[in-house]
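I am keeping these notes as I look up one structure, entry by entry. The sequence and the model come before the entries.

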Number of protein chains: 2
Amino acid sequence: MPLTDQSRRDRILDAAEHAFAEAGFSGASMRHIVLKAKVNLATVYYYFGSKNGLMEAVLKRRFGPLRQEHLEMLRAAQNSNGGRPLSVERILEAMLWPPLRLAACDSDQRHAVMRLIGRIVNEPSQQIQDILHVQRAEVREAFLKAFQESLPNAARADLLWRLEFVWGALTFILCNPKKIEQDSLGECNPRDTQRVLEGMIRFFSPGFQETRPTILRTRARIRKAPRSRQRRSVVIA
Amino acid sequence: MPLTDQSRRDRILDAAEHAFAEAGFSGASMRHIVLKAKVNLATVYYYFGSKNGLMEAVLKRRFGPLRQEHLEMLRAAQNSNGGRPLSVERILEAMLWPPLRLAACDSDQRHAVMRLIGRIVNEPSQQIQDILHVQRAEVREAFLKAFQESLPNAARADLLWRLEFVWGALTFILCNPKKIEQDSLGECNPRDTQRVLEGMIRFFSPGFQETRPTILRTRARIRKAPRSRQRRSVVIA
DNA sequence: GTCTATAAGGAGATAGAC
DNA sequence: GTCTATCTCCTTATAGAC
């Protein structure tokens, strides 16, 4: 870790990224960050103004390039396909690979980036959510459009839901790689990015093909809950 | 909201559940909680000992019954099926419905419970993760076994990954119902629990049937990233 | 640009009266 | 069991010398 080669600003961003990824926004403290970055506390305020400003800079450094890579990969796939609708597999690949690749970089920051993506998705702060929303809206639209072209019979609402499911699954595994590995007793290896990608594409692709309209079944048998300690005056079922 | 009918202890738990769900563990403060619960600060320490103890009580109140409901619903489905392997759809229903139903209760605590489930999954604290692990391990095993019986040709590692994907998608939509509704301009309605359940079962079922072994494709074309600002000395691809 | 020193307040937790 | 008052520490943030 050559400290001399790295400017103070970058050291702070790296340390902050790490801290925010590990402890969340409110859980991370400026003092821990400056300790790890080996800079003075006032330096952070000089460069970033506030803790919020620091988080914003951390997010933009990662999600700006990520957004561009998403869009470029989708466009490259479309170009190489001569303008015809892409297969679901190709779309999913363009959707999942950029974040997985980012997380696969072999560096000290690897785990930090992985967890940061997953962490901030569920971050309570409205300001953080706004930053994320701006970064994601354009990408969301592009992929939704690709899916609509690929699956003209699918209901738009279904596709929207499915994008959320995939995005949720992705952020979850990015945020909890260690837990997954431990819970599976080593059978799942989140660092084998290539295999994770293949597994996700194989698992999610068939579901997207399911374009018949939803038929709501009556499900009377599950109305009864086993315990009485919960309030369930109104049960939707 | 009849305050007199509710013991202090329950008022604290309700307020804490709400606060933790909204702001996360470190983001929520004891002082905000006692303000909402209309109790004295010392009362919380009398009943729960510490902030950690309070969180633990909040989690156990919800996840104990949830665990039981998961197991009972799976067992009921197996019994009604005469011991034969369940369909993937039935297993998914038993897996998804208890948390969705819990979130569908029409009460002031509804949103709190929804978001709490999603929130704590990504909570950094190790102690919280341990509580969650204990609650989830038994349920995980039961559902994994059900899937293995239903899909004898599926690789165990694949099933483990897929359980994580489903769990990740579920916790994501539980934690971010408002965001989903806004991003979709109202087309997705997270409060229509029944439809969400059907949508998830329809989306995830086909993927589980995919039991052919994974064939890793070479993907040279995605090796190139669009921007040079990221370090990518070692790219796994 | 970088530092020391410190402000100003919020946090979790407790002692001890009632 | 419930309250007031307080301890102690840590937090974000800033003022001002160099």
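Which residues come nearest to DNA strand D? I find 15 residues around DNA strand D, and the nearest are Ser29(A), Met30(A), Lys51(A), Asn40(B) and Ala42(B); I call a residue near a strand if its C-beta atom, placed from the backbone, lies within 6 Å of it.

A note on the model before I go on: it is predicted, so I keep in mind that local features need pLDDT of at least 70 and that side-chain atom pairs count only at pLDDT 80 or more, while totals for chains, interfaces and linings use all residues. Residues are numbered from 1 along each chain as its sequence is written, and chains are lettered from A and ligands numbered from 1 in the order in which they are written.

Entry on DNA strand D, continued. H3(B) gives the most, with four residues. Here helices (H or I, at least four residues) and strands (E, at least two) are DSSP runs, numbered from the N terminus. By residue type, this surface divides into eight nonpolar, four polar and three charged, where Ala, Val, Leu, Ile, Met, Phe, Trp, Tyr, Cys and Pro count as nonpolar, Asp, Glu, Lys and Arg as charged, and the others, Gly among them, as polar.

Entry on DNA strand C. I find 15 residues around DNA strand C, with Asn40(A), Ala42(A), Ser29(B), Met30(B) and Lys51(B) the closest. At least two residues each come from H3 of chain A and from helix H2 (30-37) and H3 of chain B, and H3(A) supplies the largest share, four residues. The surface near DNA strand C divides into eight nonpolar, four polar and three charged residues.

Entry on chain A. I note 10 helices and zero strands in chain A. Of its 237 residues, 41% are buried, that is, 20 or more other C-beta atoms lie within 10 Å of their own, whereas 12 or fewer makes a residue exposed and a number in between partly exposed.

Entry on Thr211(B). Is Thr211(B) buried or partly exposed? It is partly exposed, because 13 other C-beta atoms lie within 10 Å. I located Thr211(B) in the segment after helix H10 (193-209) of chain B. Pro152(B) is 59 residues away from Thr211(B) in sequence, yet their C-alpha atoms are 9.1 Å apart.
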